[in-house]
Amino acid sequence: MIDIEVPPHYAGREQAFVKHHFLRNYLGRLIHKIASAYDEVVYVDGYSGPWKSGGEAYADTSFGIALQSMTDARQSWLDMPQHRRSVRMTAHLVEKQTQPFAELETIGTLFPQVTVHPHRGDFLNVAPTIAARIPSRAFTFSLIDPKGFKLDLKELRPLLARPQSEVVFNFMFDFANRFTTLESLGDTYDRLLPGIDWRPRIASAEAAGPAERKAAFLACFKEAVKSVGGYKYVADVDIRYPGTNRTFYFLVYGTREPPGIAVFRDCQIKALEAQSMISGQRSLQKRETAGQGWLFDSSWETAPVSHRQFLDQQLEAAKISLMDIASAEAGIQWGKVWPRLLADHAIRKKDAGSMAAALRKSGAIAFRGWEPNKRIPADGYELHRN
């Protein structure tokens, strides 16, 4: 278990710390990786702010994390002794409110290795203009983090549907989930979930219980993102209120490339560890305040949100999916299987490989082409069910 110290300026908004912990890990790996293949990396932040920043150089804001990651990646490739690359880093930051935008205009001076373009206006109106300005061969990562859920996905299609692109949405589930039965907001949800039959699906799940309703609502949004952006893989991270099992929002991620989903799941699990640790710290603080200390328990083991239990459940669900694929799609290559498992379940690529190897050893599945002394399947191995 990792040891997490939450900075004082995150007090009362620990869920933002978990989100930023994920973004810092994810963007750090993503930008460095794609800078090896693209001459320009473009970051788009649709709702920049800045909001409640208390960190140096905006280190506790999403755009600050992204711009620092871009700066580090650019310098890292410039310093490569044999494979030196000069990668252009560009950022488009959007904010419509006057005072935050005035602050946003000064950000570029803090990150001189990134070309920063501030835009004042509504992101839905500005997004097509930004998309038109991005070179066709550049790679784009977009963060769409509105304060509410009134979002028209179709308006974002020019940006999301770019071939070399990925996106992370902050889906404000806790807010959006409260009002789906209000007829006056029907058009709002139609724009949020274009082309999705969300009304009967959510109504049907309502009778089954809160967990089923949450799953149905999230599935509708992920399908909408996949359809509008043309992404092959869409996954999510559940960000919860500190110390509770109640979802605050989901980070919903779309990508077209297997390496992207692999990096995403690695960083998600780190974020879950941070969330569990923070939850345990809160539980410990409550007990100490009430005068109830303990001798043998670790704080994370009594956390209301058990990431260990969740990950075990995800691994078991992935095992069932793998067996189903082996039965229905005999001969499919492993390189086409593991990205699907990662898209549908919160497991890492190495977990999928180890699981497949264990099932092969037990005789449940087989791989054509398995080489001697190979511990996990290679992408070219063909999967079959015994």
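Leaving aside its neighbours within four places in sequence, which residues is Leu322 in contact with?

1. Leu322 is in contact (heavy atoms within 4.5 Å) with Trp334, Val337, Leu341, Met355, Ala356, Leu359, Ile365 and Leu383, once its neighbours within four places in sequence are left aside. This is a predicted model, in which local features need pLDDT of at least 70 and side-chain atom pairs count only at pLDDT 80 or more, while totals for chains, interfaces and linings use all residues. Residues are numbered from 1 along each chain as its sequence is written, and side-chain values use heavy atoms, with hydrogens and water left out.

2. Leu322 also belongs, with Tyr26 and Leu67, to the residues with the most contacts inside the largest nonpolar core, which has 73 residues. Such a core is a set of buried Ala, Val, Leu, Ile, Met, Phe, Trp, Tyr and Cys residues joined through side-chain atoms within 4.5 Å, where buried means under 20% relative accessible area, exposed over 50% and partly exposed in between, with a 1.4 Å probe and protein chains only. Helix α1 (residues 14-34) gives the most to this core, with nine residues; a helix here is a DSSP run of H or I with at least four residues, a strand is a run of E with at least two, and both are numbered from the N terminus. A second, separate core of 41 residues includes Leu151, Tyr189, Leu192 and Cys220.

3. Seven strands form an open sheet with mixed pairing, in the order β3-β2-β1-β4-β5-β7-β6, and two strands count as paired if DSSP finds at least two bridges between them. Because β3 (115-120) and β6 (233-240) stand at the edges with a single partner strand each, one side of each is left without a neighbour in the sheet. Within this sheet, β1 (residues 40-45) and β2 (residues 88-95) pair in the parallel sense over six bridges, and Asp45 stands opposite Leu93 in β2.

4. Helix α4 (residues 123-133) lies across β1, β2, β3 and β4 (139-144), and runs at about 160° to β2. Such angles run from 0 to 180 degrees between N-to-C directions, with axes fitted to C-alpha atoms, for helices over the stretch in contact.

5. Strand β8 runs antiparallel to β9 (residues 382-385), joined by four bridges, and Arg368 stands opposite Glu382 in β9.
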